[in-house]
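Please study the sequence and the model shown here. The questions that follow lead from single residues to the contact between domains.

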Amino acid sequence: MSNIESYEKRLKDFDWSIAEKELDYNKGDSINIGWYCSDRICKQGKADKKALIWEGLGGIEKTYTFNDVRLRSNTIASFLKNLGIKTEDRVCLFMDKIPELYMGFLGILKLGAIAQPLFSAFGDESLHVRLDNAQTTAIITQRKHVSKVRKILDQMPYLKHIIIVDYEGKNPLREREVAFNMDDAIQVENFEISQTKAESPSVLHYTSGTTGQPKGVKHVHYSLISQYLTTKWVLDLQDDDIYWCTADPGWVTGTSYGIIGPWSLGITQCVLDTGFSAESWYKFIQKRKITVWYSAPTAIRSLMKAGENIIKEHDLSSLRHLASVGEPLNAEAVIWSEKVFGKAFLDTYWQTETGSMMLTNYPGMKIKPGSMGKPFPGITASILDTKTFEPINEIGKPGLIGFKPGWPAMMRTYWRNEETYQKKFENGWYLPGDRAYIDNEGYYWFIGRDDDVINTGGHLVSPFEVESALLEHEAVAESAVVAKPDDVNMEVVKAFVTLKPGNEASDELELKIMNFIRKKLSPLAMPQEIEYMDTLPKTRSGKIMRRLLHAKEWGEEIGDISTLEDD
Ligand code: WT7
């Protein structure tokens, strides 16, 4: 049975209480995402249903039922409790996409602590900035990543515990380290789950802005209401589906729709913990008989590049529903997917701060390739004038996307940065920081970001962070970082630098600078190219004009520079 009802009908009848009712939640009740994603599903008679089918390198496989998820998350919660972790303490998850990450996430929530997932490819400096901001009490990690924690340990007096999930006893544990083996531990049948309330904090995700340090986006347990309903209605998950969300839970898609959404609906999901290749992805779909697939434009464009022959070599007939998020999904990719998979990828638009989907190509709705679709029911959206922040009621006229605050999954603040949080609102609207226009049928079309943040392959990169890393190199005098166009990643990072006197521009120096900043940045933020300049374009007040460099890369008209100079 499909969850699909027409978009118009949904709009007419909509109230978030629809989700509250389905989840048996009444205002004022306790609500704990950990319980909803495991214990409740077991109570519904699905204890023996597969919750997670995990595959790692070399085809090794692990399978967990909903009862296993319940027990494992209980066991982790209890272990953390015995270490002395308390309600609202921040516990960082710093792991590859291994089962411990998924169960650990729910365990932290069951304890009433705050889960802080961080992408495991982060280097020690990126890790340090985020743990420092959150004043994290404990970190759960793997042997292969522990050296990064050790490197910065002395600077983190607040970090009391380093929990290693795959300790083999070969090398002695060091200061503050403790071993925990999830599968071998005696499973805790009954854990007293924290009676968290709607507004109790749940997850802290870090996201990059143009200036300053990364921001910790604080979410609460009530986010479940949005995540549950958008998963059900947009991803259209049904009881017998085999779902695959390709995102890493270090990023919000991987938690909202890679853990909370599917498991609160009691759906079987698959995780592939290997790198990307068209071959391995198609094999995975064929082998696991994936029915619903939520992925990202860069992956889709990489698959396009790999061609159609490889598709013909696999049986992908299990696929029935595809969706995408994270960056602009170009019309060609939508049309291509319809041709080769028989199904179009449905674009969805949202962000770390919104916690759940905001604009969606609702199943059953006419697809306009290249458009982000329309506001999810319950979301009031508009295109606003860039100066007055009043809705522009003119078809096709570009402006800022605005959302009326108040949907359940919206962030509650930026961690220890309320000031920046307040700046996200104007005239009663929440501003995600993107520009778009609405067409004559009410569809939203993405134009671009309203700041200098670079979206490379669906990952946000702060130009400021890259520029700062470059400036630390002894030969670099000035730096400016912008996006440059790319076929697959849509945008990649490009750096412009001027050199200090006595340094000669050369390929060798470029390599040296690259190796230097590689230690400071996540692999995703690395520039693809460094261009030497004699001077960088600046405003009269001395601010570097990234916009000019950006325009040069994109072959755009630079326009009237005299106005820019006064910026
Ligand atoms: C930014 C949010 C939440 C998913 C992972 C990214 C861009 C997101 C789309 C889309 C065009 C998109 C926006 C947004 N973005 N989805 N469908 N079309 N752009 O989360 O890291 O917080 O990034 O990604 O610029 O603000 P994020």
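Predicted model: local features only at pLDDT ≥ 70, side-chain atom pairs only at ≥ 80, totals over all residues.

Q: Is E192 buried or exposed?
A: A residue counts as exposed when its relative accessible area is over 50%. The relative accessibility of E192 is 70%, so E192 counts as exposed.

Q: How many Å apart in space are E192 and L548, C-alpha to C-alpha?
A: In sequence, E192 and L548 are 356 residues apart. In space, their separation from C-alpha to C-alpha is 58 Å.

Q: Is S479 buried or exposed?
A: S479 is found in strand β26, which covers residues 476-486. The word buried applies under 20% relative accessible area. S479 has a relative accessible area of 5%, and therefore it is buried.

Q: Which residues of α7 are buried, and which elements do they pack against?
A: The buried residues in α7 are D124, S126, L127, H128, R130, L131 and A134. They pack against the strands β3 (90-94), β4 (114-117), β5 (138-141) and β8. They also pack against the helices α8 (143-152) and α16 (463-471).

Q: Which residue follows α7, and what is its phi?
A: The residue that follows α7 is Q135. Its phi is positive, near 50 degrees.

Q: What is the phi of R416?
A: R416 is found in the loop between β19 (413-414) and α15 (418-422). With a relative accessible area of 58%, R416 is exposed. Its phi is positive in a residue other than glycine, with a value near 50 degrees.

Q: How many Å² do domain 1 and domain 2 bury between them?
A: Domain 1 comprises 7-26 + 36-438, and domain 2 comprises 452-554. Their C-alpha centres lie 30 Å apart. The contact takes 21 residues from domain 1 and 23 residues from domain 2. Carbon and sulfur atoms hold 55% of the area buried between the two domains, which is about 1800 Å².

Q: Which residues form a salt bridge across the interface of domain 1 and domain 2?
A: Six residue pairs are in polar contact between domain 1 and domain 2. The rule finds one salt bridge across this interface. With the closest N and O atoms 3.2 Å apart, the salt bridge is formed by K520 and E125.

Q: How do the residues on the side of domain 1 that touches domain 2 divide into nonpolar, polar and charged?
A: To this side of domain 1, α7 (124-134) and α12 (297-306) each supply at least two residues. The residues of the side divide into five nonpolar, 10 polar and six charged.

Technical notes. Residues numbered from 1 in each chain as written. Heavy atoms only, no water. Helix = DSSP H or I, 4+ residues; strand = E, 2+ residues; numbered from the N terminus. Buried < 20%, exposed > 50% of the residue type's maximum accessible area, 1.4 Å probe, protein only. Domains from an automatic or database assignment. Contact = heavy atoms within 4.5 Å. Buried area = accessible area lost by both parts, 1.4 Å probe. Salt bridge = Lys/Arg side-chain N within 4 Å of Asp/Glu carboxyl O. Polar contact = N/O pair within 3.5 Å; in protein donor to acceptor, adjacent residues only side chain to side chain. Nonpolar A, V, L, I, M, F, W, Y, C, P; charged D, E, K, R; others polar.
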